[in-house]
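Please examine the sequence and the structure shown below before reading the report.

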Amino acid sequence: MSKAVIQAGWNDVPHLDETAKRELAESYPVHEREARMNGVPVLGSGKVFPVAEESIVVPPFALPAHWPRIVGLDFGWDHPAAAAWLAWDRDTDTVYVYDTFRVRETSVAMQAPLIAARGRWMPVAWPHDGLQHDKGSGEQLAGQYRTLGVNLLPERATFEDGSNGLEAGISDLLTRMQTGRFKVFSTCGDWLEEWRLYHRKDGLVVKLRDDLQSATRYGVMMLRFAVVEPKGSTLGGRSAGYGGRRGGY
């Protein structure tokens, strides 16, 4: 016997008029409304980021040249490698995710050009597993990216005090989201797909399909090292960027 799951929302229910839908929506917390209205499954013990999607998503726009940039990179092979490009409006202390890529079972040699093409001048934040050595060559994973022209920061991603805790990073991002200081271009479909399903089980973050969330966390963690594109830079690439869906599982 075959089984299927059919997702249905309030718009699929004929007897609910607009007044009833509005009253129902107002009876739920803001961060639950989308799931309730559209039949989005609620996983585990709740979303990691319990905020309304519309509060963080913005249409793409040309990024001002004076906004510093940084890239967050999450290494991967059997689970995807992912990168998130961030711009920082220092006047309002707002971070914008404007571009992403996510690729599975793709070598460093294939990933490096994808990163460099968007601007080799941008510093790239990376996690502690970049310190691991390749069993064949003996070279550190981070070193392999550097050899191929990726501008990895000298040290792995940490907060200013040297810590790098998962919950501290999530708390930082959540605070930004709740205070209007974190935005995502609507064209970053892969990022939003992960964000919607990023959840906890028994209070713990489920570390599955979270590659872009991790990359973003590393980038924000190292935001103090974000830089503006040097004038007359020859380390080009598509730096202005309007964002877009990249790669996939």
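The model is predicted: local features require pLDDT of at least 70 and side-chain atom pairs count only at pLDDT 80 or more, whereas totals for chains, interfaces and linings use all residues. Residues are numbered from 1 along each chain as its sequence is written, and side-chain values use heavy atoms, with hydrogens and water left out.

Helices (H or I, at least four residues) and strands (E, at least two) are DSSP runs, numbered from the N terminus. Buried means under 20% relative accessible area, exposed over 50%, and partly exposed in between (1.4 Å probe, protein chains only).

In strand β5, 10 of the 10 residues are buried. Two strands pair if DSSP finds at least two bridges between them; the table lists the pairings of β5.

Four residues lie between the strands in the hairpin of β4 and β5, where D93 takes a positive phi near 55°.

Strand β5 also contains R102, which is buried with a relative accessible area of 1%. The side chain of R102 forms a polar contact of 3.2 Å with that of E193 and another of 3.2 Å with that of E194. A polar contact is a pair of N or O atoms within 3.5 Å; within protein, one must be able to donate a hydrogen and the other to accept it, and residues adjacent in sequence count only if both atoms are side-chain atoms.

E194 is one of the buried residues of helix α6 (residues 189-197). The buried residues of α6 pack against elements including β5, β7 and α7 (contact means heavy atoms within 4.5 Å). Helix α7 (residues 211-221) is largely enclosed by the rest of the structure, because 11 of its 11 residues are buried.
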